[in-house]
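Open the model in your viewer and get ready to select some charged side chains. We will go from one pair to the next.

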Amino acid sequence: MAEIAEVIVDVKARQVNRPFDYLIPPEYSDTIALGSRVIVPFGPRKVQGFVVRLKDQSEKEQTLKEILYPMDSEPSLSEELIQLGRFMADHYFAFMTQCYETMLPNALKSSYDRVFEWHNEPVKELNIHLPMTWQDAQQTNSLKTLLALKKDNKVLLTTIVKDKKTVKTETLVTRSLKRSQYKDIFESLRPNAKKQRELVMALSLQTAKTITKEALLKNYPILTQADLKSGEEKGWLTISKREVSRMKPIESDHLTRPLVLSNEQQEAYNRVLPTIEHNEHRVFLLEGVTGSGKTELYLQWIQEVLKKGKTALMLVPEIALTPQMTARFQSRFGKKVAVLHSGLSKGERFDEWRKIKRKEATVVVGARSAVFAPLDYIGIIILDEEHESSYQQSEVPHYHARDIAIRRGQYHDAPVILGSATPSLESRARAQKKVYDLLQLKHRPTKQSLPEVHLVDMRDALLDSEGHFSQPLLKAIKDRLKKEEQTVLLLNRRGFSSYVMCRSCGHVPMCPNCDISLTLHLDDHSLKCHYCGHQEPVQKVCPQCGSHDMRYVGSGTQQIERELKQLIPDIRVTRMDWDTTRKKNQHQHLLEEFADHRTDVLLGTQMIAKGLDYPNVTLVGVINADTGLYLPDFRAFEKTFQLLTQVSGRAGRGDKPGDVYIQTYDPSFYAIRLAKNQDYETFYEREMQLRYRGKYPPFYYTTLLSISAPLEQEALRVSYRLKAQIEKHISEDMILLGPSPKSIARINNRYYFQILLKYKKIDCIEGVLKKIVSDTQAKNKQDVYVKVEREPQNFM
Ligand code: ADP
Ligand code: ZN
Ligand code: ZN
């Protein structure tokens, strides 16, 4: 048996970013395993650690310290995830401990208590009083005993997250005697012992041996908790607890059946099938126009995987994770589905995670971090809307779910499907070079045709437009209203916001902490900073010149809603934006409101562009197509094209044909013109030429260094020092741009600079980048902070 554990400790410093040897105390030799979280002494501290290897001997000379105690009764990480963390730390310039923490649900990251409870009746001889936390057990030296009792099923171990979201349990009542014996007891009871008689009666009548307390008390309302307790003391019944999930179980009586595939779908289906059958890793790019039946294919591949007794991982961007999308998976696979997204509470996420770990769920549908779902025997990994930038984490480690998905696919010898109507140029170029297999769906399988897209030239329309609405769009909205059909309106908010400006002197109220104008919020008449949270009331008088002529500028969703209601007084609008969706589940409620046709228009920002599939929507309007085009981001055209194509795909998903009106000031610009025809392939070719000339991805790799400090001079000084440090190692074909101020140069009173590296091979500078990260991250946050991001998706 292994006696020594290699442990990654939770200390973020370069010298410590490697495993340390610890002795496993014999009493924990059963509990501590590969992947266990443990507490270890480290210098004067006690820190959390992850066991990443077990061995019999240490290469170290000095005497080893002992692990203090395990944090859980089962390991949190599998061997696969341990390896993956090692790769991530290396590839994404992060510390191993950060990578392992990222893989686990938040409930395990925060401070929490694990609590022992009696499973049935207490073992009185032991003189232990439960419930007791793991820590208390450890301090009173009863941990060993309790773990032994747990093994014998006498004791239950539950987790209490400190935010009070505990593992949820339900209480069960189990009959202790044979049914016939209750008859005798009943006869022996005094007639006025009403409650006791009722209880005995209940137990004798109950067919199942065990029933939930809730159900029992509901059927026999005169009984109380106290009656059950006294029944337990008399030996009539036992009371026990069982862990239950917070997630509502889904009714799986009428599961949907697979649809008959179209020829095009069938062809794509057949290309992937052999890799599922023969456990072969390969990456497929599924390029299919909106509504071409990609999701139906995902469902059918997953079904095949499940038939083989394997598991499936289905990733979607957070915003596309609508109730509709999850419902499609749940209604096909029922209880086998676990759903992971940020709308869940910590406790709910933890429950879903445990369900996967216990192998009760074999299909995981989730957003970015679900890529670390603790599945074994993965048979397929699917990333829908693979071009979405939200697949990259903005905090350290800056991993991209696509890279991780492919890594996991390799480990499990499983196919990976990247699906999109508008693939990222990187993925499409890899398919071009046959690194990925390209599958294409050019048609919708239903009789629905693609919607007809009209570009409205706002330069002409401006003359007779009403506010933000051109006459053609307004007319179309009114027409749908008459026909009782619905409309989706998109306000493109990339690089756009509503603010207040003085008409006399041009003064715009800015955030005192950041270099950005404050955003106007009409609901509470305040100005807010979306970066640091600063908030102040709207000023009526200009602080600079004293003028009373302060006006709203720009078009927030609230302004658009108001305008629309002025133009069409009885129109009903569901508005989805930053304000209306911050609270938990609000997103879902708003979508339901629209789906039930309680409103006529769904008005929103980017978040409404994806995944919605409402048959009654026959009109999509884009208020402002151009605003994202000229942002300082080499993907600006790509992102605009993707957005317009995606949102157009929301129209005409039912039997009725759809129309799309895109309002633009530049209708002949290729990103807009090609989105009109959903012509991805031509867009790809045009855009590739630009990227080639600019030496941008997919022709070059990129890495971005972001340098920030409370003092501008300091941030700049360090930026130039880093530049010099890197330049020493730079190779011929490497290009270094910057340092330059970020497009928002100051956020929350820190100044930001960036250096962009473009290269074909990273080898020569990997070492120096790693050194930079550990030199700058270990220090206090007050000082200079540097983050290094591979293939950055977001330049703002
Ligand atoms: P995508 O994921 O590409 O947007 P979906 O899978 O959502 O496409 O399909 C769009 C619509 O077409 C859905 O309503 C779906 O039920 C339907 N559909 C998909 N495949 C078929 C098929 N083979 N036969 C009939 N209807 C289909
Ligand atoms: Zn002024
Ligand atoms: Zn601010």
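This tour visits salt bridges and the exposure of their partners.

A word on the ground rules: this is a predicted model, in which local features need pLDDT of at least 70, side-chain atom pairs count only at pLDDT 80 or more, and totals for chains, interfaces and linings use all residues. Residues are numbered from 1 along each chain as its sequence is written, chains are lettered from A and ligands numbered from 1 in the order in which they are written, and side-chain values use heavy atoms, with hydrogens and water left out.

A salt bridge here is a side-chain nitrogen of Lys or Arg within 4 Å of a carboxyl oxygen of Asp or Glu. By that rule, the count is 34 salt bridges.

**Stop one.** Select Lys151 and Asp30, whose side chains form a salt bridge at 3.2 Å, N to O. Lys151 sits in helix 5 (residues 143-151), while Asp30 lies in the loop between strand 2 (20-23) and strand 3 (37-42), so the pair links parts of the chain 121 residues apart (helices are DSSP runs of H or I, at least four residues, and strands runs of E, at least two, numbered from the N terminus). Lys151 is exposed at 65% relative accessibility, and Asp30 is exposed at 59% (exposed means over 50% relative accessible area, buried under 20%, partly exposed in between, with a 1.4 Å probe and protein chains only).

**Stop two.** Now pick Glu360 and Arg358, a salt bridge at 2.8 Å, N to O. Glu360 is partly exposed at 44%, and Arg358 is partly exposed at 41%.

**Stop three.** Move to Asp633 and Lys639, whose closest N and O atoms are 3.1 Å apart in a salt bridge. Are they buried or exposed? Asp633 is buried at 8%, and Lys639 is buried at 14%.

**Last stop.** Select Glu6, Asp21, Arg53, Lys55 and Glu59 together: salt bridges with shared partners join them into one network.
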